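Visitor: I have a structure to go through with you. Let us take it by question and answer.

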Amino acid sequence: MKLVILGPPGAGKGTQAAKLSEELSLPRIVTGDMLRLEVAGATALGKRAEEYMGKGLLVPDQLIVEMIRKRLSQEDARDGFILDGFPRNVEQADAFEGMSDVDAVVYLNVSEEEVVERFSGRRACSQCQAIYHVRARPPQVGGRCDRCGGEIRQRVDDREDVVRQRFQTYRQKTEPLVEYYQRRSLLVEVNGSGTIAEVHGNIKAALASRGLL
Ligand code: AMP
């Protein structure tokens, strides 16, 4: 199964993509994580991406499209994947159409107020990028990642000023993809508010009703 997860920043795309990827044994392709690794490794791509990411702006399409093209050509992604963070605008969606087919685009619909609440408590592992929340999903041992023991911090791009810009970028660039995929009859809209388990259930029900599960 080839899935795209779409939604505003903080909608829970990463958490839900991780759960689906485990259950369906599909590789999860997360452009934000791929870019953060490039930044941490101070690669040529990382250095170019960093200036945009730190401002909540989109990294230029050409860099992202090449990065995804390479990743999708790897063996493990041939028969299925879950894409989280790509495509992010109509240009990327057009490029993606020339690269791969897709079975469904899951759109996590969440109100802006709920997202703001989630962001204020959101934390991430500085090593493996696992996502936590100070109230909804705290780590078992204070300040350390349950999976790898890495230090848990607030991500630079989760700071309030950057979040506000990421939202604006989402509304302007990414939200038009809802209509884009609706027109192609690929959009599966899911209510993204509620607990992690509830939203996961909503996604599975929506995919099942389309005969995909
Ligand atoms: P995310 O964790 O998906 O919110 O991504 C964090 C940041 O990485 C974004 O604010 C962008 O600067 C950059 N980024 C991630 N995916 C893309 C993409 N498909 N196109 C352009 N920039 C991206």
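Visitor: Does Asp 76 count as buried, partly exposed or exposed, and what is its relative accessibility?

Guide: This is a predicted model, in which local features need pLDDT of at least 70, side-chain atom pairs count only at pLDDT 80 or more, and totals for chains, interfaces and linings use all residues. Residues are numbered from 1 along each chain as its sequence is written, and side-chain values use heavy atoms, with hydrogens and water left out. Buried means under 20% relative accessible area, exposed over 50%, and partly exposed in between (1.4 Å probe, protein chains only). Asp 76 therefore counts as partly exposed, at 42%.

Visitor: Which side chain meets Asp 76 in a salt bridge?

Guide: A salt bridge is a side-chain nitrogen of Lys or Arg within 4 Å of a carboxyl oxygen of Asp or Glu. For Asp 76 the N to O distance is 2.9 Å.

Visitor: Arg 78 forms a salt bridge with which residue?

Guide: The closest N and O atoms are 3.4 Å apart. Both partners are exposed. The partner of Arg 78 is Glu 75.

Visitor: How many residues apart are Asp 101 and Lys 2?

Guide: Asp 101 forms a salt bridge with Lys 2, with the closest N and O atoms 2.8 Å apart. The pair links distant parts of the chain: Asp 101 is in the loop between α5 (90-97) and β4 (104-109), and Lys 2 is in strand β1 (residues 2-6). Asp 101 is partly exposed at 48%, whereas Lys 2 counts as buried at 15%. Their separation is 99 residues.

Visitor: Which residue in β6 stands opposite Arg 122?

Guide: Strands are DSSP runs of E, at least two residues, and helices are runs of H or I, at least four, numbered from the N terminus. Two strands pair if DSSP finds at least two bridges between them. Strand β5 (residues 122-125) and β6 pair in the antiparallel sense over 3 bridges. Opposite Arg 122 stands His 133.

Visitor: In what order do the 3 strands of the open sheet lie?

Guide: The pairing is antiparallel. The edge strands, β6 (131-133) and β7 (152-153), each pair on one side only. The order is β6-β5-β7.
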